[in-house]
Each structure stands twice: as C-alpha cells, then as structure tokens.
Amino acid sequence: MSAVSAAPDRTDTRAGTARALLSVNNIEVIYDHVILVLKGVSLKVPEGGIVALLGANGAGKSTTLKAISGLLRTERGDVTKGAIEFRGEPIHRRNPNEVVRHGIVQVMEGRHVFEHLTVEENLLTGAYTQGGARTKPDLEMVYGYFPRLKDRRGFRAGYVSGGEQQMLAIGRALMAHPRLMLLDEPSMGLAPMLVQEIFEIVARLNREENVAVLLAEQNATMALRFAQHGYVMENGRIVLDGDATTIADNEDIKEFYLGLTGVGQRKSYRDVKHYKRRKRWLS
Amino acid sequence: MSLLYAVFVAPFVDMATAPAFFVEVLLGGVFAGLMYSLVALGFVLIFKASGVFNFAQGVMVLFAALTLVGLMERGAPVPVALVLTVAVMVALAFAIERLVLRPLVNQEHIILFMATIGLNFFLEGFGEMLWGANVKRLDIGVPDESFQVAGVLVNKLELSAAITAALLVAVLAVFFQRTRIGRALRAVADDHEAALSIGIPLKTIWVIVWAVAGIVAIAAGVMWGAKSGVQFSLSLLALKALPVLILGGFESVPGAILGGLIIGVGEKLGEVYWGPLVGGAIENWFAYVLALAFLLFRPQGLFGEKIIERV
Ligand SMILES: Nc1ncnc2c1ncn2[C@@H]1O[C@H](COP(=O)(O)OP(=O)(O)O)[C@@H](O)[C@H]1O
Ligand SMILES: [Mg+2]
C-alpha cells in the first residue's frame with residue numbers, strides 16, 4: 001500500500017493487493033429530500049481488513065455506515081447517487097435485513113442493546129437471520145471472546161455497565177455471522193483501558209473469525225493503532241486516506257484533521273472553538 | 001353513622017354470610033374481566049411492537065365474531081369456522097401492514113392513530129356489509145347453563161371461556177419468552193432501530209403482532225358473543241379496555257391481564273354489594289373512576305414498564 005495520496009485518484013491506488021470486500025463508490029446521501037450530507041464518498045474495505053473512518057463529530061461517519069447497512073432509510077435518508085457494492089453485488093437498494101443476510105452488520109453508535117431483554121436474549125436476537133441453527137456453539141463462541149458477558153448472561157441488558165453493553169452490542173452482531181462489521185464509535189463514553197480491551201477483542205475477531213471491520217471513530221489514536229488503513233472525513237467528504245501508520249505518523253494530518261499534535265495537545269484556533277467536541281479525541 | 005355502616009360494614013357482612021353467592025359474583029367478575037383483559041392485550045401487543053395506538057381493536061373483536069357467526073350460518077362446523085376466521089384475521093393483518101402501516105412508516109404517531117380510526121369505521125362497515133347488521137346468536141356447542149360445585153353455581157360457558165383465555169395467555173407468554181419470533185417481537189418493542197440493525201424485518205414483525213392481536217380478538221369475540229349475542233355493542237368492549245390500559249400500563253402484558261381482572265371483579269362486586277346504596281349502575285362507571293384515580297396517583301399504571309436508567 002502506498003503512502004498518503006492526494007485527493008482525486010486515492011480510491012484506485014489504495015485498493016492494492018487485497019480484493020475489495022466492500023466498495024463504496026462516490027455516494028451522495030440526502031436526508032428528508034433536502035439535506036445533503038454526503039457529497040461523493042468513496043472507500044474500500046479489503047477482505048479481512050480493518051479500516052478506520054475518522055473525522056470530527058458531524059463529519060458524516062455514521063451516515064456513511066448507515067448508507068452501507070441500509071439503516072439510513074429509517075431516518076428518512078436516501079442514497080441518491082453512486083453505488084455500494086459488497087462482494088461485487090450492489091446493496092444500496094436493499095433493506096437492512098437483506099444486508100445482514102448478505103453478511104454486513106452494523107453496531108450502532110450508542111450501543112443500542114435491548115434493555116429489557118437479558119444479556120443472553122440479546123445475543124439470541126442477533127441470531128435471528130440464522131433461523132435458529134447453530135445458536136448454542138455460536139453463543140459459546142461469543143462468550144469465549146467476551147467472558148464478561150457469560151457472567152452477566154441472566155442480567156437485564158439495561159443494567160450492565162457501559163463497557164459490557166458495548167461488548168454485548170458487538171457480540172450480538174457477531175451472532176449474525178457477519179463478514180463485515182460496521183462499528184460506530186465503540187469507544188464512546190468508555191474509559192481508555194476498556195477501549196483498549198474492546199479493540200483488542202475486535203482485532204482478535206478480525207484475525208480468528210475473518211471478520212472485516214469498518215471502524216468509525218473520533219478516537220483517532222486508538223483506531224489507527226488497530227487499523228491497517230484509514231480514511232479521514234470532513235464535512236461529508238473524504239479528505240484523505242492512507243496507511244494507518246502513515247496517518248498516525250503525519251503531524252500535519254493529525255493537527256489539521258484529527259485535532260491531535262505529536263504530544264496530544266490541541267493547537268489551532270479551530271480546536272479552541274470546538275473545544276468540547278475535540279476534547280473527547282484526546283482521551 | 002348508619003351510612004358508614006352501610007358502606008363499610010354491611011357489604012362485608014353480606015359477603016361473609018352468603019359465601020357461595022359471593023364466589024358466584026366473583027366468578028362473574030372474573031369472566032367479564034377476562035374479556036376486558038383480552039381486548040386490552042390486543043392493544044398492548046400492537047402498541048409495544050409498533051407504537052401504534054390501535055383504535056380499531058374493539059371493532060376487530062366484533063369483526064372476528066361476525067366472521068365466525070357468518071361462516072357458521074353458512075354451514076361451517078365450529079372448528080372449520082374457527083380456522084377460517086383465524087385465516088381471515090391473519091389476512092387482515094397482512095392487508096393492514098401493506099395498506100396502512102407501510103405507506104405511513106416514519107410518520108407521527110398521531111397520524112397512525114388516525115389511520116386506525118379510519119380502519120375502525122372500515123371494519124365496522126365491511127363486517128356488516130358481509131355478514132349483516134342484525135344481532136346473531138353464537139352457539140359454540142357449550143351450553144349457557146350452570147352446575148353446582150360445593151354449593152357454588154358455576155356457569156359452563158363462563159368456565160370454558162375462562163380456561164380458554166388462561167390457556168391463550170399461557171401460550172402467548174411461552175411464545176414471547178421462549179421462541180425466536182417472540183424474542184424478536186420484544187426486541188422490536190425495546191428498540192426498533194437496533195432490531196433492524198441485526199436483521200429483524202420490521203414488516204414481518206408487524207404482520208405477526210397484528211395477526212396475534214387478531215387472534216386474541218377472536219377469543220374475546222367468541223366468548224362475549226356466545227354469552228350475549230354477536231352485535232354492534234361488542235365493539236364497545238374497547239371502551240372498557242381503555243381504563244384497563246390505564247390501570248395496567250400501556251406496555252405491560254401482565255398489567256393488561258391483571259387490570260382487566262381488577263376492573264371486572266371490582267365492578268361486579270361494586271354493583272352487587274354497593275349498588276343499592278347509590279341506586280345501581282356502578283358497573284357503568286366504576287372502571288372510569290378507578291382509571292381516573294390511577295391517572296391522578298399512579299399514572300404509569302400497576303406495571304408500567306420502568307424506564308431503565310443506569311447510574
Ligand atoms: N436523520 C438526520 N436528518 C438530518 N440530518 C442528519 C440526520 N442524521 C445526521 N444528520 C446530519 O448529517 C451530518 C453528519 O452526521 P453523522 O453522520 O451523524 O456524523 P458523525 O457520525 O461523523 O458524527 C450532521 O451534520 C448531522 O447533523
Ligand atoms: Mg456518528
């Protein structure tokens with residue numbers, strides 16, 4: 001893979017060696033028929049890869065993930081231009097449940113566990129598209145990755161800790177046997193230690209279960225540590241992309257787009273203006 | 001002094017001195033209460049899964065009963081007519097999802113509510129058009145007569161209705177707790193976007209809840225119809241379901257059942273033991289006064305689902 005490339009032809013250059021599992025080609029997304037949010041977003045996720053989608057709050061990361069998973073339509077959003085292909089098949093006209101059956105599951109921002117169901121029942125609902133086959137071994141597989149969930153299996157999901165809820169949301173998605181997991185801000189509101197723990201499990205899942213991951217994060221430092229490739233979004237566009245290490249090492253990128261400097265301090269006037277939203281990046 | 005005695009002492013003395021009669025009144029209350037519970041249950045199922053307050057639930061009871069009687073009048077034996085009625089209610093669920101819910105998805109709740117008002121009038125008219133508007137006798141083969149157990153008169157029809165209702169509730173409970181579809185229904189009720197995100201198809205779920213609500217309506221319609229004839233007033237059962245919902249909480253299945261029983265038993269006991277004091281008709285207003293009291297002092301209802309807030 002090449003280093004950071006300038007805007008226009010970046011998507012072509014970086015596809016590189018691995019075959020693209022997912023490719024998002026120049027999509028435009030409009031909410032409520034008038035609000036233009038994504039203005040030509042393109043990205044690729046290779047088979048078995050971890051790709052980070054970075055950017056400030058409101059950049060369009062969640063919208064991109066929802067366009068892929070089909071959840072956009074429940075929020076009156078629509079992909080009006082471009083195409084999304086998964087294993088070479090167009091999926092941007094599909095319902096969320098068809099997308100899940102194709103092998104893509106989104107873990108939504110804010111976790112969204114079923115609060116009145118127990119932890120185990122939450123996991124079982126994740127197997128809905130599997131029609132009830134192989135649920136026992138699948139449960140054990142999830143408990144293997146998240147032993148804490150096993151301890152909490154009989155608890156109502158609304159009463160377990162934030163970290164456990166995040167694990168549950170990931171475990172629930174895993175029950176659907178995804179080839180690609182869309183993870184939206186798994187670090188949100190969690191202590192750095194816990195974030196580290198969860199990301200390590202995700203990396204193991206990626207290796208051992210061959211689940212590719214598209215990871216939307218404001219916590220760029222952490223995300224780039226686990227991803228091979230990164231895209232940076234700003235204002236509904238992808239403004240650059242490159243190898244994770246290259247992005248992580250490039251002081252200019254960190255300063256201008258990710259609000260980080262080498263030592264993790266805020267600098268320019270924009271950071272002061274957006275103090276609140278930037279603060280979380282540094283955690 | 002004598003008024004206090006008449007209100008607080010005399011009725012209980014009456015109960016104690018004629019225990020068999022008291023039990024009979026109680027059973028009558030349980031029977032009526034179960035009918036209210038069944039109608040309220042239909043409301044709760046639909047409300048939980050789709051957030052729609054289904055104004056037409058009462059008319060669904062009438063429609064189901066009319067369909068059953070109509071089929072029987074045309075010579076279908078009871079079991080065949082029942083199966084066909086179930087099929088009609090399931091077909092109705094599909095039609096409602098396709099023609100009412102799907103076009104209105106993502107609309108305000110009030111719009112969906114108004115759509116169910118439309119549905120109410122449509123079903124009322126459609127039912128009468130198909131099966132006629134006159135009062136019909138519904139004979140399901142269980143005689144409306146009583147037998148004695150330990151000095152208590154028990155009505156066979158009411159007893160079999162109570163058993164059927166209890167079985168239905170038990171089956172529903174198992175369905176919700178233990179099956180894949182039942183879990184999916186509860187998941188949708190909790191967080192429908194999350195349910196979508198793991199591949200639960202909302203449209204299918206809506207068809208299923210409306211079909212289940214339709215089947216519950218059949219049960220209520222058959223029992224009430226067998227007791228007092230199939231007629232327009234059946235749809236007024238829904239008016240009693242509203243106080244039941246206020247008592248039980250709009251999202252609670254156990255609440256709907258217990259709320260119905262409390263109102264059924266309460267109004268029967270009130271009517272028989274306290275009725276003479278106020279010249280009767282307690283049965284007509286008891287439910288609403290009780291509901292009002294609940295609105296004032298416990299608006300979330302008996303079992304109103306607690307909103308989980310983690311600290
Ligand atoms: N349902 C919606 N309707 C209208 N605008 C929306 C909706 N969801 C998000 N937006 C807007 O789209 C932009 C991108 O939001 P989002 O994709 O959530 O960004 P991010 O996940 O990067 O924080 C924001 O300006 C936001 O206000
Ligand atoms: Mg977001």
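Predicted model: local features only at pLDDT ≥ 70, side-chain atom pairs only at ≥ 80, totals over all residues.
Local features need pLDDT of at least 70 and side-chain atom pairs count only at pLDDT 80 or more, whereas totals for chains, interfaces and linings use all residues. Residues are numbered from 1 along each chain as its sequence is written, chains are lettered from A and ligands numbered from 1 in the order in which they are written, and side-chain values use heavy atoms, with hydrogens and water left out.

Chain A holds an open sheet of four strands in the order 2-1-4-5, with antiparallel pairing. Helices (H or I, at least four residues) and strands (E, at least two) are DSSP runs, numbered from the N terminus. Two strands pair if DSSP finds at least two bridges between them. Strand 2 (35-46) and strand 5 (89-90) of chain A each have a single partner strand, so they stand at the edges, with one side of each left without a neighbour in the sheet. Strand 1 (residues 20-31) and strand 2 of chain A run antiparallel and are joined by nine bridges. A:Tyr31 has A:Ile35, in strand 2 of chain A, as its bridge partner. Helix 2 (residues 61-69) of chain A packs on the sheet and touches strand 1, strand 2 and strand 4 (77-86) of chain A. Contact means heavy atoms within 4.5 Å. The direction of helix 2 of chain A makes about 110 degrees with that of strand 1 of chain A. Axes are lines fitted to C-alpha atoms, for helices over the stretch in contact, and angles run from 0 to 180 degrees between N-to-C directions.

Parallel pairing occurs elsewhere in chain A. Strand 7 (residues 180-184) pairs in the parallel sense with strand 6 (residues 104-107) over four bridges. Strand 7 also pairs in the parallel sense with strand 8 (residues 212-217), over five bridges. A:Gln106 stands opposite A:Leu182 of strand 7, and A:Met181 has A:Val213 of strand 8 as its bridge partner. Five of the five residues of strand 7 of chain A are buried (under 20% relative accessible area; exposed is over 50%, partly exposed in between; 1.4 Å probe, protein chains only). In a regular strand the side chains alternate between the two faces of the sheet. In strand 7 of chain A, A:Leu180, A:Leu182 and A:Asp184 point one way, and A:Met181 and A:Leu183 the other way.

The largest nonpolar core has 143 residues, of which A:Ile170, B:Leu38, B:Ile200 and B:Trp210 touch the most other members. Such a core is a set of buried Ala, Val, Leu, Ile, Met, Phe, Trp, Tyr and Cys residues joined through side-chain atoms within 4.5 Å. Helix 9 (residues 202-228) of chain B gives the most to this core, with 16 residues. Domain 1 (15-103 + 178-249) and domain 2 (114-176) of chain A both give residues to this core, so it lies between them. The domain bounds come from an automatic or database domain assignment.

Helix 4 (residues 119-126) of chain A is largely enclosed by the rest of the structure, because eight of its eight residues are buried. The buried residues include A:Glu120, A:Glu121 and A:Asn122.

B:Glu267 is found in helix 11 (residues 253-278) of chain B. B:Glu267 is buried, with a relative accessible area of 0%. Its side chain makes a polar contact with the side chain of B:Tyr36 (2.5 Å). A polar contact is a pair of N or O atoms within 3.5 Å; within protein, one must be able to donate a hydrogen and the other to accept it, and residues adjacent in sequence count only if both atoms are side-chain atoms.
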